[in-house]
Amino acid sequence: MPIKPWYNIVSPREDLREGNPLDASEFAVHLDYVRDGRAQADYQNPERFFERTFLTKNLKLLAAEVLRRLAGETTETSAVFNMSTQFGGGKTHALTLLYHLAQNGALGTDPHSGKAGDFVGVNDLLRVARIHKVVPAETAVFVGTEFDALHGRGGDDGSPLRKTPWAEIAYQLAGNEGYAVVEEHDKKGIAPAGDVIRKFIHPDRPCLIFMDEVMNFVSRNRKTGLATQFYDFLQNLSETACGQPNVVLVVSIPKSEVLEMSSEDESDYASLKHLLNRLGKAVAISSENETSEIIRRRLFEWDLRHFTEDGRMLLTKDALTSCNEYADWLVEHRQQIPTGFLLMMRAM
């Protein structure tokens, strides 16, 4: 009896069914794009994003701890996280997940008054976090590869011209009033101290600040002296976050993975890493044994009602039968199968 085609057992997602090839750029989107509404649909739409996201063990622990801290719980929580994951390790996915949670939190006491309560996997995050709802949080996003200190941001759209990371973050968190707090610091390129930072972070509102690809910004601004001020700002911001119960700072250090770092880059990288690890927690998102589930969730349509306890999709009886038939076929025809393919299968 011929083996039933796999695509009659499990359905590929619509982009694959329609012949749209997957491009690596889809998986390298910056959080800036999500914030501005320019990201690819799988990242931009939060419901769709969570449906296609496998919550790895470390991602689940990170998200739960961030949610717990934003809810004002300081026991067993960190205020600062250093995303040490390199390209392909889930960094962008983790940042986007946290962003969507903060943007769609529940108002009042009803956990379903915000969209986040209905996202796939969020109930499990709340269980791990030991809280009953996702709280909404003010968010600010700084991406080092996107922000140009010479050109600045704003000034021609009715918003104030911001030329430093602290001005950009203050403006995102508190609008014109936030920018006014650091206006002189922005114009003079001087990092604000904790007393000033606390003026643009509202004490009664949860706050989630993202700083991504900071090595790129540091490397490009070393000769102007802004890199040194950036280090001071990151230290002051980290210590401010640690001193407030509902503020979280998530930082990603790495420079672009396609470029080798100079000796100066290496020195700055080590300093930034030491700073963040001293004040916060280093985080890696995925491990090799979770890769197949990450890909499976992204490529195929699944019945979202059927999960294992660790969040993996359950295969139907037909799917399990088909897997066994293909495995039997491989064993029977192993002499015709390339050695590299067999080695890969054993590794999985």
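I took a disulfide to be a pair of cysteine sulfur atoms within 2.5 Å. By this rule I count zero disulfides. The model is predicted, so to speak for local features I need pLDDT of at least 70, and for side-chain atom pairs 80 or more, while totals for chains, interfaces and linings use all residues. Residues are numbered from 1 along each chain as its sequence is written, and side-chain values use heavy atoms, without hydrogens and water.

Cys-242 is partly exposed because its relative accessibility is 33%. Cys-323, at 44%, is also partly exposed.

Then I looked at the cores, each a set of buried Ala, Val, Leu, Ile, Met, Phe, Trp, Tyr and Cys residues joined through side-chain atoms within 4.5 Å. The largest has 42 residues, and Leu-62, Leu-97, Leu-98, Leu-101, Leu-208, Phe-210 and Val-250 touch the most other members. I followed Leu-101 and, leaving aside neighbours within four places in sequence, found contacts (heavy atoms within 4.5 Å) with partners including Phe-50, Ala-63, Leu-67 and Val-135. Another core of 41 residues lies apart from the largest one, and Val-218 and Ile-253 are among its members.

Last, I looked at a helix pair, taking helices as DSSP runs (H or I, at least four residues). Pro-165, Trp-166 and Ile-169 in H8 meet Leu-226, Gln-229, Phe-230 and Phe-233 in H12.

Note on methods: Helix = DSSP H or I, 4+ residues; strand = E, 2+ residues; numbered from the N terminus. Buried < 20%, exposed > 50% of the residue type's maximum accessible area, 1.4 Å probe, protein only.
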